[in-house]
Amino acid sequence: MKQFQVELGNQSYPVLIGSGVLTRAGRILHSLGFRTAPVVVSNRRVLRLHGSSLLRSLENAFGPVMILRAGDGERFKQHSTLIRLYRDLIRGRADRRSWIIAFGGGVIGDLAGFAAATYMRGIPYVGVPTTLLAQVDSSVGGKVGVNLAEGKNLIGAFHQPRAVLSDTGALGTLPPRELASGLFEVVKCGAIRSEELFRYLERNVADLRQCLSPVVSHIIFEAMRVKAAVVAEDEREGRERMVLNFGHTLGHALEAASAYRRFNHGEAVAWGMIAAAELSNSLGMLEARDAARIAALVHRIERLPALRGISAARIWANLRRDKKFDSGSIRMVLLSRLGQAEIVENLDPRYVRRFISEFLGTHQQVLCSEV
Ligand SMILES: NC(=O)c1ccc[n+]([C@@H]2O[C@H](COP(=O)([O-])OP(=O)(O)OC[C@H]3O[C@@H](n4cnc5c(N)ncnc54)[C@H](O)[C@@H]3O)[C@@H](O)[C@H]2O)c1
Ligand SMILES: [Zn+2]
């Protein structure tokens, strides 16, 4: 098992990663100082696939555990689910000394974390992420929240977990596209901060797709270290933390332009990273062969859903809703080399717009001629 500490002063917490962590969770959490039984927030699918190992281990350490089930999927990350959780907590006599385990993917993590941040003005929670995306990204950083009909993650808080326990064994049941989606966030971590991680991904892509445990543990550990280091420098989303948005500006626009149907989050970010790397190259910041390495690694991980039919005008309209885009000049995260991200201010909107049209044109053609 690998372990490291997210350094946030008196809010620091350990992250443990390895195969079989679920069966040891009770003992681990006891050794971290927890003494009462937690409330486990999860969903049916995660409980069916992996619940028994976690619950047995928790019950051995703490006695009977309260289990709260939320609906499965992004559309349940909203206030009505939250209100139900609060009511169930009250009915189950949870009080200020209670604590929550968020057991599931990023949706459960954000939802249960936000419930913990707000129930009785805040109670502790522990993350037990079960998707790769949650293990490498959402479980660390303390951002929790829910969606509104008007947009994603509009209601939220910063609430750091007391610990994060990531069992790589749980990833074996993930559908391949979910696994790939998490891998793209790992590619991002390599691209912005660690050429070594990027090279490791290039060398081990075949084992990653098969979810071989030591290789997966290694990349989760390295990606988490990148994220934790950035978060430790900048807990509340100032300038430094922006580098984690590499690929996300265009990625979010692609998700919105395709009504959140064609691409999952990681796939949209993967296209966004390819574009941001090509833009970095066209501005003379990044060598062409490094931009090509990003595209090559992405395509080896998964054949991305095509960009066909997505117009530059739609993407541009979505980009302009982003506050970084609405003034006269644009700010984006670009690369000066693999492993080194730069926040570039004052990009000329006309240049970026032309680049996006050309990018869509070229990549639509490539994919069309392949099919
Ligand atoms: N807080 C943050 O910093 C942050 C960062 C990135 C993303 N997010 C949020 O994370 C969410 C996306 O997370 P996600 O991709 O994990 O989606 P998800 O939580 O919806 O999980 C995807 C699917 O996989 C299922 N699942 C979970 N574990 C499984 C397992 N081991 N085997 C098989 N199936 C399993 C889930 O039940 C769900 O159906 C979004 O809401 C996004 O906004 C938050
Ligand atoms: Zn992301």
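Which residue in strand 11 does I330 stand opposite? In this predicted model, the residue of strand 11 that faces I330 is L347. Strands of a sheet pair through backbone hydrogen bonds, either parallel or antiparallel.

Elsewhere in the chain, seven strands make up an open sheet of mixed pairing, and their order across the sheet is 1-2-9-6-5-3-4. Its edges are formed by strand 1 (2-6) and strand 4 (66-69), each of which pairs on one side only. Between neighbouring strands of this sheet the average turn is 20°, with direction ignored. Within the sheet, strand 2 (residues 13-18) pairs with strand 9 (residues 163-167) in the parallel sense, over four bridges, and L16 has L165 in strand 9 as its bridge partner.

Helix 1 (residues 21-31), in turn, lies across strand 2, strand 6 (125-129) and strand 9, and runs at about 155° to strand 9.

The crossing in which helix 1 passes helix 2 is right-handed. On the side of helix 1 the contact involves L22, T23, R24, A25, G26, R27, L29 and H30, which meet H50, S53, L54, S57, L58, N60, A61 and F62 in helix 2. The residues of this contact between helix 1 and helix 2 comprise seven nonpolar, seven polar and two charged.

A further set of helix contacts involves helix 10 (residues 265-282), which packs with helix 6 at an angle of about 35°, with the axes 7 Å apart. Here helix 6 passes helix 10 in a left-handed crossing. Helix 6 contributes A180, S181, G182, F184, E185, V187, K188 and A191, and these meet H265, G266, E267, V269, A270 and M273 in helix 10. By class, the contact of helix 6 with helix 10 divides into seven nonpolar, four polar and three charged residues.

Helix 10 meets helix 11 (residues 288-301) as well: their axes come within 8 Å and cross at roughly 170°. That angle makes helix 10 roughly antiparallel to helix 11. The contact draws on A270, M273, I274, A277, E278, S280 and N281 of helix 10, together with A288, A291, I294, A295 and V298 of helix 11. Nine nonpolar, two polar and one charged residues make up this contact of helix 10 with helix 11.

Finally, the surroundings of ligand 1 bring several of these elements together in one description. Ligand 1 is surrounded by 31 residues, of which the closest are G105, G106, V107, T131 and S138. Two or more residues of this shell come from each of helix 2 (44-62), helix 4 (106-118), helix 5 (132-138), strand 8 (151-158) and helix 6 (176-193). In terms of class, the shell around ligand 1 contains nine nonpolar, 13 polar and nine charged residues.

Methods. Residues are numbered from 1 along each chain as its sequence is written. Chains are lettered from A and ligands numbered from 1 in the order in which they are written. This is a predicted model: local features need pLDDT of at least 70, side-chain atom pairs count only at pLDDT 80 or more; totals for chains, interfaces and linings use all residues. A residue is near a molecule or strand if its C-beta atom, placed from the backbone, lies within 6 Å of it. Ala, Val, Leu, Ile, Met, Phe, Trp, Tyr, Cys and Pro count as nonpolar, Asp, Glu, Lys and Arg as charged, and the others, Gly among them, as polar. Two strands pair if DSSP finds at least two bridges between them. Axes are lines fitted to C-alpha atoms, for helices over the stretch in contact, and angles run from 0 to 180 degrees between N-to-C directions. Two residues are in contact if their C-beta atoms, placed from the backbone, lie within 7 Å. A crossing is left-handed if the near helix is turned anticlockwise from the far one by less than a right angle, and right-handed if clockwise. Angles under 35 degrees count as roughly parallel, over 145 as roughly antiparallel, 65 to 115 as roughly perpendicular and the rest as oblique.
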